[in-house]
Amino acid sequence: MIEKTKQKTLFRLVLIMLLSALAAGLGYVVLSLPTQAPGLSEQVTANLVRSGVSNPVTAVLLNFRGYDTLLEMGVLLLALVGVWSLGGIPEQRKSSPPGPVLDMLARLLVPLLILVAGYLLWVGAYAPGGAFQAGAVLAAAGVLLLLAGWRPGTRFSGLPLRIALVTGLGIFVAVGMALILLERRLLEYSPSFAGALILLIEVAASLSIGITLAALFLGGRPEVEPRR
Amino acid sequence: MQDIPWGVLVILLPVIGTLACFLCPWRSVPLGLTTALAVVVCVAGLGWQVVEQGAQRYAIGGWGAPLGIDLYADGLSLLMLMVTAVVGLGISVYSTSYFKPGRSAIFWPLWLFLWAALNALFLSADIFNLYVTLELLGLAAVALVALAGGADALTGAMRYLLVSLLGSLSYLLGVALLYHSFGSVDIAILAQRMEASPTVWAAIGLMSAGLLLKTALFPLHFWLPPAHASAPTPVSALLSALVVKASFYVLLRLWLEIFPLANSALGQLLGLLGVVAVLWGGLLALRQTRLKMLIAYSTVMQLGYLFLAFPLATAIAWQGSLYLLLSHALAKAAMFMAAGNILYFGGHDRIADLDRVAQRLPLTLAAFGLAGVSSMGLPPSGGFIAKWLLLEASVRSGQWWWAIILILGGLMTAAYILKVVGYAFTQAQVTHEAGAVPAPMEWAALALALAAVLLGLFAPWPLALMEIGLPFGVEAER
Amino acid sequence: MSHVFLYALVGVGLFTLGLYALIVHPHLLRKILAINVMGSGVFLVLVALAARTGGAVPDPVPHAMVITGIVVAISATALALALMLRVQVEVGQAGLPEERLE
Amino acid sequence: MIWDDWLPLLIVLSSLSVGLVIFFLPEDRVGTRTGLNLVGALLKLVLVGIMLWGVFNGHQYETRLPLLPGLDLVLRADALSMLFVVLSSVLWLVTTVYAVGYLEDSPHRSRFFGFFSLCVTATVGVALAGNLITFVLFYELLTLTTYPLVVHRGTEVARRAGRTYLTYTVTGGALLLAGTVWLYAITGTVEFTERGFLSGLDGSHHPAFIIIFVLLIGGLGAKAALIPLHGWLVQAMVAPAPVSALLHAVAVVKAGAFGIVRVVYDVYGIDFAAGLGVILPLAILAAVTVIYGSVRALFQDDLKRRLAFSTVSQVSYIILGIAVVGPVAAIGGLVHLVHQGVMKITLFFCAGNLAETLGIHRISEMNGVGRRMPWTMAAFTIGALGMIGVPPLAGFISKWYLGLGALEAGQDWVIFILAGSSLLNAGYYLPVLYAVWFHAPPDAWLEERYLGRHETALALMAPPVVTALLTLAMGLLASAPFSPLHWARIITALEYLP
């Protein structure tokens, strides 16, 4: 037993040394980078006009590198499918029914949060904000509801829920395919429509993100009423 | 026809299929099969396009690198897509009868997601986008492993998930360093701007380490056997055949295009690790008593072969390595399927009790045998061609010691394949009578095994494809 | 400009710390948290170094990358936690078999 | 002419297709299967006949398929390959008939005959291979297709025998492959060419060539059962009699010996090889094998084991004939390739008949069996006498030319080897013959079965008789055109005459 602990401490010492060496190396590397590096900021600003939004980050996320975002919506949905595929996740043990405070808070905050989400979504076009922030806030609302003991009714946890979950990715892909059918490239918006399309995608995305995150918080798949 | 973006369809179709399967699970099998067929068609279309017009570059959103993301399809990526399509089709057919309805409703979305991730990865020309595809791939694979349920599968999946996340993060840090030193994440542009510096070396180190971890090169292979062996059979097949190859593909791209130092000391190191992987994997494969574990360790071994090209770093060597990758993908998928059939049939995969399989599952055993022939590198098979190319490369470059390892590895492989086949011929008393194996499962295995063998008879075509876009820099001089 | 590098260094520190924790701690929850810490480290490096543009606006591309990365990280974490709970049920401990929890 | 381009491939496919079809035949379709087998065998024989005539009239038959850039899969008919092709296709027909009779209502016949056909396919491929890579390809194919035949019985013993068999042959194959690649890397070609293609290259490669020679001979010796690589041959005796016959007389062992001839003649060229100084060691190795095999045979009571060791010894005659550098001895060696095959297959058929009909496996059980099975034993006698080298039988021709050749080449020591081994042959065959004909039979055989009206089933009885007659004919008509001797002369002329 003593031997074992000895070995363990020795192992940890060696590990610490190795890792500090790694850290030192990486630190040196980082410091060796030039202090001035424009990166891609010029190109972004140059093309911002044609991107359909004025917030560069949103432009990159949903236009210049929109493909990444598409795949990443995929990752999110995939995580949910994965979690559901695990089957019976033991639900977090039921605490005593939520006290009046939490209940009250939920009632007050949820509408507010939804409002905030909407605002973030809207502002994302020209200032920090956007689909993911909005989605996160929506999710917070959902989590709050779940904590307050609310559960989706079996009528909604079947197909409706699924539809809500896939909307984000679905719309994204649909837009992409539609553009291809219009002889354009994948996700190649014409500058005139770009703003609208991006907004459409973002609305769907934030909705799905919010619900997906909340569903992930819930863990296992909510029980569905049997299909007739 | 001329200007249909087949590459994009190859990526988007599986995603659409996933959504469809997710929306109506009770139709998942027909939906999934349709998608699979469609994807195969699109890959064929892309192949036709690449053969006709040479390597293809596709700027998503019309922006083009460095601002946007490009898709790039040359001979290398095309071959990867093709082998994925073939194996994928086989696995799709196999799983129609393998999974009970309830399970298959879960299997299909995950599998199609994984397929989409693979295609996206093979087509991506952007190292950050590659990170996203790697994550997509990793999560899908983990979820699929966990599909088997039970302690082994779940812990295997957990370990696999942690490893894969660690690998991706290490890779991402490398990407960050590269972006911040060269201001782009496009492979081609990086290749132009590349110049050796501490940052670059760190990036190489981090990215290679991450990818090697995902590729399970010795000594980073510890996670592979439990995960691959405990997964449901179709999943084991596609993990061993395709998923580990994906990270190897990324590594190959980086080494060939971005890091022009393939024949440096680092290459020798990789080669050395490959050698150890071959010997160690072979040894452990020989010591296994369970069929699926044996096959999993043989994957560890065969992955070692792939790295013998790095110290040689000649066009022929790369061709050999890639050819081995292709034939191993087919053969290994077939092997796992055959093992799955035996498991399904006898209810166990204890090698010592495999008596009379030869008589009662002839097709399955034939599949296993043919796949084994290819893994041993005996003619006529893809494995043989690959081995020949690697041997030739190593002798030509005067580094004959790699050749010895190749020969030795072949003998070890023969030893453990034989260990299985030999038992399958003996006729001890029937220990366990079981239901017949569905025909699709047997034929899928056999078809893939045959493909692995045929790869040895039609070598000139794949080798010609490899030259498209000169992924290996120069043509193979002969 | 030096604070930029300070942040980046902190990122590197987080990365290595996370790695240490990942290796050392047997409990799965800790491992998952360690992975997240590593992730934050990488994101920090990515985002901090983006501020090296001369002008007021930092390079937006890394920011977008980080947002993408965060979403990926969340998804992975969610799956990992769910998996951990299943492991807990099946194996009886939230740890990998080879390393018993004290 | 298109026909000339595809005939070699057709000959290979004729048995391959049959084999593949047979695999999928249900077990009980005996008639169809037998029919297919015979049709395949006869078809091949016809095609080979056509080719023989063509080659005799100076036709060039060559099939060329791309295998790799710069490397083709070549099937070519030349005098040497014809020698082997004819042997294997004739003996295949006979063995098929025999096997059909032998495996009467035994399990897994579809599997057996499937691999049986593939095995012959591989053998013919080896014979027709036009370059080293093609040779390697079919050589390995042979290994793989014979394995299921060896383990066919499915007993534990069979499994172990199969393991030993593969251990030797696969290792041999690996050595062969290594040598081939190395050669290719140096010369850039592996085409078989008369008198070799290495002599032209500059001397700096010669050490490499010596090592390559060792690798190649090592690889081929594993199948040719050169000591110390003969271990598998004796164990493989567990296989059914037709398989043993095939392994010993036609397919595996011969493929090895044939390969050695190819390497010495058409890769290195006899003169160049002799110049390298690799031939004398080969000769010595062969000589040692000849003696060793005979001595071991002397002490076997199990009939098949005795025959096996006799094979070890007899096959090395071929190599010895090549390695005694000189045309006459070469003729002796080459002709023995055929003669040994025919004689040895006769003996194995007879052994099989004894086992099947009377349950006899040991020599000590053979007393007076001549009276119970006169035809079989007559055939056996001819075969055995041929092996000893009694005139006018085939074996005599071989040994006569070997001896003459040795003298002509000034290698008198070989005479003693021949004499010694002939004495030993007599030593382990004559007692058997004596016991068979002159001892009193036991009052009851071990497990007697009455198969058909004759001493045994016709399908079992006819083949040995046929091959015995062949043995006689090849001896008597040795100087006739198209006799093995005749072909051996042609081949040797190509290698030696200026």
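**The loop that holds B:Pro380**

Mentor: In this predicted model, B:Pro380 is found in the loop of chain B that runs between helix H16 (362–376) and helix H17 (382–396). The peptide bond that joins B:Pro379 to B:Pro380 is cis, and its omega is about -10°. Most peptide bonds are trans.

Chain B has contacts to describe on two sides. Towards chain A, 41 residues of chain B are in contact with 42 residues of chain A. On the side of chain B that touches chain A, the elements that give two or more residues are helix H1 (6–23), helix H4 (101–123), helix H5 (127–146), helix H6 (150–182) and helix H8 (198–215) of chain B. H5(B) supplies the largest share of that side, with eleven residues. By class, the side of chain B that touches chain A comprises 31 nonpolar, nine polar and one charged residues.

Towards chain C, the contact takes 24 residues from chain B and 28 residues from chain C. Helix H1 (2–24), helix H2 (28–48) and helix H3 (60–91) of chain C are the elements that give two or more residues to the side of chain C that touches chain B. H3(C) gives the most to this side, namely 15 residues. The residues on the side of chain C that touches chain B are 21 nonpolar, four polar and three charged.

Most residues other than glycine have a negative phi. A:Glu183, which is not a glycine, has a positive phi of about 65°. Its place is the loop between helix H7 (159–181) and helix H8 (191–218) of chain A. A:Glu183 counts as exposed because 8 other C-beta atoms lie within 10 Å, the limit for exposed being 12 or fewer. D:Arg195 likewise has a positive phi of about 65° and is not a glycine. D:Arg195 lies in the loop of chain D between helix H6 (156–187) and helix H7 (206–224). With 16 other C-beta atoms within 10 Å, D:Arg195 is partly exposed.

Methods. Residues are numbered from 1 along each chain as its sequence is written. Chains are lettered from A and ligands numbered from 1 in the order in which they are written. This is a predicted model: local features need pLDDT of at least 70, side-chain atom pairs count only at pLDDT 80 or more; totals for chains, interfaces and linings use all residues. Two residues are in contact if their C-beta atoms, placed from the backbone, lie within 7 Å. Helices (H or I, at least four residues) and strands (E, at least two) are DSSP runs, numbered from the N terminus. Ala, Val, Leu, Ile, Met, Phe, Trp, Tyr, Cys and Pro count as nonpolar, Asp, Glu, Lys and Arg as charged, and the others, Gly among them, as polar. A residue is buried if 20 or more other C-beta atoms lie within 10 Å of its own, exposed if 12 or fewer, and partly exposed in between; C-beta atoms are placed from the backbone.
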